[in-house]
Amino acid sequence: MEEHAEELEADLLRYYGVDLLDWHREALSSRRLAVLVRHLPPDSAFVRTREGEAAEWGLTDHLLAAVVDHLAIANWMFASANRDEYADPPEAPVPVPRPGAETADTSDGPGDGHAPTGAELARFFG
């Protein structure tokens with residue numbers, strides 16, 4: 001809390017109308033302060049500063065990124081299955097970057113550069 005005191009003070013005033021100085025004046029208990037801090041919304045300055053970009057991604061954002069990734073893989077598999085047998089295979093899709101993920105792990109999925117096998121297609125569409 002000490003390293004992000006300014007953000008915390010601003011958020012307590014913005015969301016709860018509570019002055020952080022009330023805690024120093026002993027008008028606000030440590031328990032109440034902890035409850036208020038724990039339940040700050042994800043778009044609060046304190047949470048965004050502490051958690052970075054990950055705080056801005058909600059469930060909807062993660063699900064939408066997953067939908068985009070799956071659609072890209074499905075299109076890639078369709079193009080791979082319907083290409084001319086002598087043509088070069090299409091490039092594998094790159095997953096949507098997610099917060100906190102430095103590099104995408106595509107070592108065991110269809111995005112590792114090989115054409116999908118029958119088992120991979122069955123698992124994907126199953």
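Close-up 1. With a relative accessibility of 14%, H4 counts as buried (under 20% relative accessible area; exposed is over 50%, partly exposed in between; 1.4 Å probe, protein chains only). H4 sits in the segment before α1; helices here are DSSP runs of H or I with at least four residues, numbered from the N terminus. Setting aside neighbours within four places in sequence, H4 is in contact (heavy atoms within 4.5 Å) with F46, T49 and R50.

This is a predicted model, in which local features need pLDDT of at least 70 and side-chain atom pairs count only at pLDDT 80 or more, while totals for chains, interfaces and linings use all residues. Residues are numbered from 1 along each chain as its sequence is written, and side-chain values use heavy atoms, leaving out hydrogens and water.

**Close-up 2. The largest nonpolar core.** Here you can find twelve residues: L8, L12, V18, L20, L28, L33, L36, V37, L40, F46, V47 and A55. Such a core is a set of buried Ala, Val, Leu, Ile, Met, Phe, Trp, Tyr and Cys residues joined through side-chain atoms within 4.5 Å. Two or more residues come from each of α1 (5-16), α3 (30-38) and α4 (45-51), and α3 gives the most, with three.

**Close-up 3. L12 and its partners.** Beyond its neighbours within four places in sequence, L12 is in contact with G17, V18, L20, L33 and L36.

**Close-up 4. Helix α5.** The 23 residues of α5 (residues 59-81) should span 33 Å at 1.5 Å a residue, and the end C-alpha atoms agree, being 33 Å apart; the expected span is 1.5 Å times one less than the number of residues. Buried in α5 are A65, D69, A74, W76, M77 and S80. The buried residues of α5 pack against α6 (118-125).
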